[in-house]
Amino acid sequence: MYLIFGNCRIKVLVGISDAALIPQVQTLLAKYSPQKYSGSIFSYNQALQFLGNIVGPMLGSVVSGMFGYSSVFLSTSGLIAINYFWVRHSTKVIREGRA
């Protein structure tokens, strides 16, 4: 019973973080994408977001089944670190233009 309520609390926190993050992503896409391609960029963003919502849990269950439950957290930490460095490298021009 407590597990269900704990899971519900986590889902609420994920929903709040999505509600805070998605408008920021949309704003950045609108600001830094060419006007000519803005429609296709927004559609790619939405499609890949929902694809990630499907593939992420599937990949997590495969990793958990093959290597154990703690490996899910280690692999997620690795993916977050890779994403951090990729975004840091990709936005270098934007950050230098602002400084």
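At 17% relative accessibility, S71 counts as buried, a term used here for residues under 20% relative accessible area, with exposed meaning over 50% and partly exposed in between, for a 1.4 Å probe and protein chains only. S71 has its place in helix α3, helices being DSSP runs of H or I with at least four residues, and strands runs of E with at least two, numbered from the N terminus. A polar atom of the S71 side chain lies 3.0 Å from the backbone oxygen of F67.

The structure is a predicted model, in which local features need pLDDT of at least 70 and side-chain atom pairs count only at pLDDT 80 or more, while totals for chains, interfaces and linings use all residues. Residues are numbered from 1 along each chain as its sequence is written, and side-chain values use heavy atoms, with hydrogens and water left out.

**Helix α2 and its end**

Helix α2 covers residues 38–67, and at 1.5 Å a residue its 30 residues should span 44 Å, which agrees with the 41 Å between its end C-alpha atoms; the expected span is 1.5 Å times one less than the number of residues. Just after α2, G68 takes a positive phi of about 105 degrees. Within helix α2 lies F42, which counts as partly exposed at 25% relative accessibility. From F42 to L29 the C-alpha distance is 7.5 Å, with the two residues 13 apart in sequence.

**Aromatic pairs**

A search of the whole structure finds two aromatic pairs, where rings of Phe, Tyr and Trp (its six-membered ring) pair if their centres lie within 6.5 Å, and planes under 30 degrees apart count as stacked, over 60 as edge-to-face and the rest as tilted.

| Pair | Distance of centres | Angle of planes | Class |
|---|---|---|---|
| Y69 and F73 | 5.5 Å | 85 degrees | edge-to-face |
| Y84 and F85 | 5.2 Å | 70 degrees | edge-to-face |

Y69 and F73 both lie in helix α3, four residues apart, about one turn of the helix. Y69 is exposed, with a relative accessible area of 60%. In the other pair, Y84 is partly exposed at 47%, whereas F85 counts as exposed at 56% relative accessibility.

**The largest pocket**

The largest pocket has a volume of about 1800 Å³. On a 1 Å grid over the protein atoms alone, a pocket is an open set of points with protein on both sides within 12 Å along at least five of seven lines, whereas a cavity is a set where a 1.4 Å probe fits but cannot get out, and lining residues have an atom within 4 Å of a point. The lining holds 38 residues, of which L21, V25, Q49, N83 and V87 lie nearest the centre of the pocket. Helices α1 (2–32), α2, α3 (69–90) and α4 (92–98) each supply at least two residues of this lining, and the largest share, 12 residues, comes from α2.

**Helix α4**

V93 lies in helix α4 and counts as exposed, at 66% relative accessibility. The C-alpha atoms of V93 and Q35 are separated by 19 Å, and these residues are 58 apart along the chain.

Notes
Points joined across faces, edges and corners; volume = space filled by probe spheres on them. Polar contact = N/O pair within 3.5 Å; in protein donor to acceptor, adjacent residues only side chain to side chain.
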